Each structure stands twice: as structure tokens, then as C-alpha cells.
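Here are my comments on the model you sent. Please read them with the structure open.

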Amino acid sequence: GKNRNRNNSVINAAVMEYAALVAARLNTASLEYRKAGGGMSDNLQKVLENLRLALNDCHSIEALVDSFEGSYCKSKMFELFGVLEVVAHVNIGTVFYRLNKVRDALASFESAKEVLEKRSEGFENIFESPDESEVGMNGTGINDEMHPHDDNRFPPRTYLLLVLRLNLSRVSLRVNNPDGAEELCKLIAQEASSSSLQRKCFRNLPPRNFGFHRSNSFSITSSALATASAAYQHDIDRRSKWLCSVAEHYLAGLVREARGEPNDYKSAVNHYNRLLSLARVKLDHRHPHICALLERRGAVLFEQQKLQCSMLSYLACLKILEHQQATGSNVFNKADLARVLYGIARVLHDKEDYLDALHTYQRALACQRDLAAGSSRPTLDVITTLCNISRVHHLMGDIDAALVANQEVLQLATILVCGKMDHPFLINRLKIEGNILVEAGRVEDAMRTFIEAARRCCDIGRDRMINTLMRGGSNSRGGNGSQEDADAGDSSVLSIRSATSMALIAFLHPSAAAA
């Protein structure tokens, strides 16, 4: 008996040390995560390192816990480190997602799910009383296990499951699986409605008996612990309600948006509006969550071509973003600013406010260039914005500026595709440049550009292009007014029909999405 108690006391002390170490690593990672701010950052690597160390500590303790004598206490130890392991996996997945490593994030969330399912029996039986013959974790008897001042501040299984399903749903959308995301959202809704998630988490439940005891002689400490536990329970309750609303409206809106049908867009806007109404009551009007909702709503309204409403939503989003940056917050970074500015520019482009669209595109481009400055390869965002700048210059009649922008597009895109000269995008940009040159009356330059585009085509594509140029545009498409179908009879016909095609595109299809 004495040897058993002594052995258990030694193991218990080691477990307590490991638990404190894991908790310290998780807390350090949390602080580093907040310090890193929004977007991708090198500081996230420090967060990832601390989380991996915490996870390794959780794995290291399993063999030690297995040698503990007493099934009840052993199960509680395993459960304790199971909770910490799930938290570590979920946080690692979140960091991977921020680093745009979506597959790694998905693997981490699946690992957390596996641990949660593997220890589900322990989680469900967490509040059962131990058998009276069991010895407490401090080796002094069962009464210690029923101590009224156990530290109860551990996330319950229902909350961990809620967070895990939310993260899995978001990652499912990133890997183009809206059906899987929708299924997870339905599970969250069923759990919340059928079992009253928040009450199930904490209310009217006895202490969790992990063995972190406080002495009765320290009444002030015990009272403070009780107050802290009540505050923690209230925080979990508040977070659970908000996360359920996020699943019900924000993620559901993203699912509808991903499907891309007119009715889906309408449903997505309704979801975003409902969550916005709730967020404005629960949160500050300049909260980052509201900024994110306004951005998504603006994007959907743009797809519906409700341009004025889309513009108002984007401008409200931009105002919050600039306020956050002005107050020194690092929640948003240049990538967020560039994305919102680009969205505003697209709306102005479609509204045919070309001068304002051009200035806004240029602001977005400046941010995108700053973000790409440390990379040896150009980014797709820079190329896309330059395509639209070229298009706006062309619509405004500034042919030279349009050609300059298009030449930069060709140079950057060539680097991006590793010099693959027959890439369809490069050929398409050459054909667009040829049409612009025709409209400017520079027919010889246009023909050289068309010949270069034809040279890069495959045999079938080259024959089709040359036939189109030589037959005067009589093709199966029936003259739908696209730049690529511009006719090529003699130079005068070519100039007139190309100019007509460009005019039709300018006035009938001014959408910035052309790039």
C-alpha cells in the first residue's frame, strides 16, 4: 500500500508538471498568435513551434500515465491530456490554414477529430463518481477526489466538437467541398437545438475532478477559483452561442456563395444580413467580424450586379479596416486592404466610373506589389489587377497606357508560367494586344502581334486563328463581339470590325471579371 501510494504520488507530481508545461506552451502560442496579427507572417512559425512542442509533451506523458495504479484516476489523466491534445491539434490546424497550407490544416483537424472520438467514452463519463475503493491522485484516499475546489476550467467535449466542426467546415469550402461543409453545419445546428449546447456544457454539473486541488485552509484562494470558474463557464457559454450563429449564417452563406446560382446568392445575402444584425448588437460596430461580413456581402451583391448596394457594403468594410489600422491594430494587413480595394474597383468598373476605378485599381496594385516584393515570382493578384488596369485605360481611350499595362502583364505572366510561351493566357493577351493596336491604326504592329500569337498556338489553334483572320470573321460563333473574333480582311475592314467589337465589349460587357 505505501509503495503504491508513493509511486502514485511521484507519477502524480510528474503529471502535474507535464500538464503545467503543456498549458504554458499553449498559452505562449496563444500570445504569439495574437502578436502575429492578421494574414501570413513569419511570427506564425513561432506559434507553430510552441504548439508542436505541446503536442509532443502530450504524447510523451502517455507511457507515464499508463503506469499509474488506479483505473479511475488513470482515466482522468488520459482525459486531461486528451483535452490538451485536441486543443493543440485544432490550433495547429488553424495556423496551417493561416499559412495557406489547407491540406495540412485538414490533416490536423482530422487528427483532433480522431482523438476526440477515441476518448469519447472518457469525455462522456467525465462526471461519474469514482469507485470508493480507488485511491486519489495524491494517494490519500477518495475524499480528495471529491474536493469541492477542483480547478474546473477545461473546455468541455461539446465545445471542442463545435470548434472542430466549424474548422472542418471552413476547410471543406477551401477544398471545394460545399456539400461536406453544409453537412457539418447541419450537425452543429442539430446539436445546438436538440441538446441545448450551452446548458449541456457546464450548467448544474459537478466538478470535473482532474485532481488540481485547493486546500480548504485557503478560503480566499478557493473563492477566487470559484469566481474564475464561473467566469470561464460564462465565456464558454457566450462563445458557443456566437459560434453556432456563425455556423448557421456565415458558413451557410459561404456554402451558398460557393454554389454560385442566382437563388444561392440571394440566400447568401440573407444569411450575411442576419448575422450582421446579430453582430451589431453583440459586438462593436467597428469589430473585425463585422468588417469580414460586409466584405462577403459586398462580393455577393456584386455577383448579383446590385452595384450600388455592393459599393455601400464595400465602403463600410473599408472604413472599418482603415479605422483598425489607424488605431494600431494588426488584425488586418495589406493583403486585406488590397482585397477590399480590388472589390471596390470592380464595382466602379462595372458602374463605368472608369477614372475612379483606375485610381482604386492602382491603390490595390500598390499594396499587392508591396506584398510580392519579397518573392522572386510575381503573384496572380498583381497580374489580374494589371489586366483590369489595361482594360480600363483602353475603355478610357488611353491606348498607349493600355498597351504598356498589357506588356507588363505578358512579362509577369511569362515568369509565372516558367517561360511556357504556348500558354493559353499568354496567347490570349497577345490577341487582345493585337486588337488594341488595330483600333489605334497600327496595323503592321497588330499583324506582327497576331502572327506571334499564331506561332505559339498548337496546329489546330493556329489554323483556326489564321482562318479567322483571313475569312473576314464568318465563323460558327456568329460574330458575338468578342475581341478574339475580330475580322482580318483588308486593313480597313479589320480596323472597323475590331473597333466595333471593342465598342460592343466596352458598353455591353464592361465587367472587371474579364481578367
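1. Confidence overall. This is a predicted model. The protein chain has a mean pLDDT of 77. A pLDDT of 70 or more is reached by 70% of its residues.

2. Residues 124-149 have pLDDT below 50. Beyond near neighbours in sequence, that stretch has 62 contacts in the model. Residues 472-515 also call for a flag: pLDDT stays under 50 there. For residues 472-515 the model has 72 contacts beyond four places in sequence.

3. Helices α10 and α11. Helix α10 spans residues 262-282, and helix α11 spans residues 288-303. They pack at an angle of about 160 degrees, and their axes are 10 Å apart. Angles over 145 degrees count as roughly antiparallel, so α10 is roughly antiparallel to α11. Their crossing is left-handed. From α10, the contact uses Tyr-265, Ala-268, Val-269, Tyr-272, Asn-273, Leu-275, Leu-276, Ala-279 and Arg-280. From α11 come Ile-290, Leu-293, Leu-294, Arg-296, Arg-297, Val-300, Leu-301 and Glu-303. By class, the residues of this contact are 12 nonpolar, one polar and four charged.

4. How many aromatic pairs does a search of the whole structure find? The search finds two. One of them joins Tyr-250 and Tyr-272. Their rings are 6.2 Å apart, centre to centre, with 45 degrees between the planes. The pair is tilted. Tyr-250 sits in helix α9 (residues 219-259) and Tyr-272 in helix α10. The two residues are 22 residues apart, and the pair links distant parts of the chain. Note that Tyr-272 is also among the α10 residues that contact α11.

5. Helices α12 and α13. Helix α12 covers residues 307-326 and helix α13 covers residues 334-350. Their axes come within 10 Å and cross at roughly 155 degrees. The two helices are therefore roughly antiparallel to each other. The crossing of α12 and α13 is left-handed. On the α12 side the contact residues are Leu-307, Ser-310, Met-311, Tyr-314, Leu-315, Cys-317, Leu-318, Leu-321 and Gln-325. They meet α13 residues including Leu-337, Val-340, Leu-341, Gly-343 and Ile-344. Asp-336 and Asp-350 of α13 also take part. The contact of α12 with α13 has 13 nonpolar, three polar and two charged residues.

6. Helices α16 and α17. Helix α16 (residues 399-416) packs against helix α17 (residues 424-439) at an angle of about 165 degrees. Their axes are 10 Å apart. α16 and α17 are therefore roughly antiparallel to each other. α16 passes α17 in a left-handed crossing. In α16, the residues in contact include Ile-399, Ala-402, Leu-403, Asn-406 and Gln-407. In α17, the partners are Phe-425, Leu-426, Arg-429, Leu-430, Glu-433, Ile-436 and Leu-437. The residues of this contact divide into 11 nonpolar, three polar and two charged.

Methods
Residues are numbered from 1 along each chain as its sequence is written. This is a predicted model: local features need pLDDT of at least 70, side-chain atom pairs count only at pLDDT 80 or more; totals for chains, interfaces and linings use all residues. Side-chain values use heavy atoms; hydrogens and water are left out. Axes are lines fitted to C-alpha atoms, for helices over the stretch in contact, and angles run from 0 to 180 degrees between N-to-C directions. Helices (H or I, at least four residues) and strands (E, at least two) are DSSP runs, numbered from the N terminus. Angles under 35 degrees count as roughly parallel, over 145 as roughly antiparallel, 65 to 115 as roughly perpendicular and the rest as oblique. A crossing is left-handed if the near helix is turned anticlockwise from the far one by less than a right angle, and right-handed if clockwise. Contact means heavy atoms within 4.5 Å. Ala, Val, Leu, Ile, Met, Phe, Trp, Tyr, Cys and Pro count as nonpolar, Asp, Glu, Lys and Arg as charged, and the others, Gly among them, as polar. pLDDT is the predictor's confidence in each residue, from 0 to 100. Rings of Phe, Tyr and Trp (its six-membered ring) pair if their centres lie within 6.5 Å; planes under 30 degrees apart count as stacked, over 60 as edge-to-face and the rest as tilted.
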